[in-house]
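User: I want to learn how to read a fold from its coordinates. Can you take me through one case, feature by feature?

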Amino acid sequence: MKKPIKIILALALVAVLALSFTACSGSSDETTTTAPTTEAVSDTAQNDGEDGQNPVMNFIGNYDNGGTTILVEADAKDGAVFTVDEPMTDDEKYTYTFSGTLDLDTLKVTYSNSTKKVIKLDSQGNVTGEKTAYTDGAGVVIFHDDGTLEWQDENEAERFVGSNVFNYVLPE
């Protein structure tokens, strides 16, 4: 009597697993880019993060403006960490790192701790050297309703005129 029950349970488990694999393995040739929006932040902003989740979690990920990329990560209760990679030539890129606290009312992160490094690369893209250009960069990152972010760096303002808006990139 116990053996048929075990067989039935095993078959049911296999059926559930097969259904879950089928549901999760669907693929689509259509690529869409749905960006995080401030609507997702609004619930968190209303309770001021009292639920313990960092509101920056609504914006984490990669952003791109057609060459330069920004990685947004959450840190602590309401902090954000940014890493900017800007390719300059085949053998050189700039990397900026900075952090700050998200203002829930304006969706801005103001920073004054940016480090800019000049990274030298070989023909394979491997790092062959690096030099710190500065460690006191200041600026602001603004998250917009349309899912983009805007980076305004005081030290780099002249270079980024018209190209400082970054689009969210969906993970692959």
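User: Start with contact range. What share of the contacts between residues at least 6 apart in sequence join residues at least 24 apart?
Analyst: The share is 39% in this chain. Keep in mind that the model is predicted.

User: How confident is the prediction, then? What is the mean pLDDT of the chain?
Analyst: The mean is 78, and 66% of the residues reach 70 or more. Two stretches need care. Over residues 27–35 the pLDDT stays under 50, and the model has 7 contacts there beyond four places in sequence. Residues 37–48 are also below 50, with 17 contacts in the model beyond near neighbours in sequence.

User: Next, the elements. How many helices and strands are in the chain?
Analyst: The chain has 2 helices and 8 strands. Read from the N terminus, the order is α-α-β-β-β-β-β-β-β-β.

User: How do I read the way strands are arranged?
Analyst: Start with the general idea. Strands of a sheet pair through backbone hydrogen bonds, in a parallel or antiparallel sense. Now the case here. The 8 strands close into a barrel, in the order S1-S2-S3-S4-S5-S6-S7-S8, with antiparallel pairing. On average, neighbouring strands of this sheet are turned by 30° against each other, direction ignored.

User: Show me individual pairings. How many bridges join S4 to S5?
Analyst: S4 and S5 (residues 108–121) are joined by 9 bridges and run antiparallel. Leu102 has Val109 in S5 as its bridge partner. Further along, S6 (residues 127–143) pairs with S7 over 5 bridges, again in the antiparallel sense. There, Val140 stands opposite Gln152 of S7. The S6 and S7 hairpin has 5 residues between its strands, and Gly147 takes a positive phi near 90°. S7 also pairs with S8 (residues 165–169), antiparallel, over 2 bridges.

User: Last topic, aromatic rings. How many aromatic pairs does a search of the whole structure find?
Analyst: The search finds 7. Take Phe98 and Trp151. Their ring centres are 6.0 Å apart and their planes lie at 15°, so this pair is stacked. The pair links distant parts of the chain, with Phe98 in S4 (residues 92–103) and Trp151 in S7 (residues 149–153), 53 residues apart. Both Phe98 and Trp151 are buried.

User: Which residues do ring pairs link into a cluster?
Analyst: The cluster holds Phe59, Phe82, Tyr96, Phe98, Tyr111, Phe143 and Trp151.

User: And where does the charged end of Lys116 sit?
Analyst: It sits over the ring of Tyr94, 4.1 Å from the ring centre.

Conventions
Residues numbered from 1 in each chain as written. Predicted model: local features only at pLDDT ≥ 70, side-chain atom pairs only at ≥ 80, totals over all residues. Heavy atoms only, no water. Phe/Tyr/Trp six-rings, centres within 6.5 Å; stacked < 30°, edge-to-face > 60°. Helix = DSSP H or I, 4+ residues; strand = E, 2+ residues; numbered from the N terminus. Buried < 20%, exposed > 50% of the residue type's maximum accessible area, 1.4 Å probe, protein only. Lys NZ or Arg CZ within 6 Å of the ring centre and 35° of its normal. pLDDT = per-residue confidence, 0-100. Contact = heavy atoms within 4.5 Å. Pairing = 2+ DSSP bridges. Axes fitted to C-alpha atoms, helices over the stretch in contact; angles between N-to-C directions.
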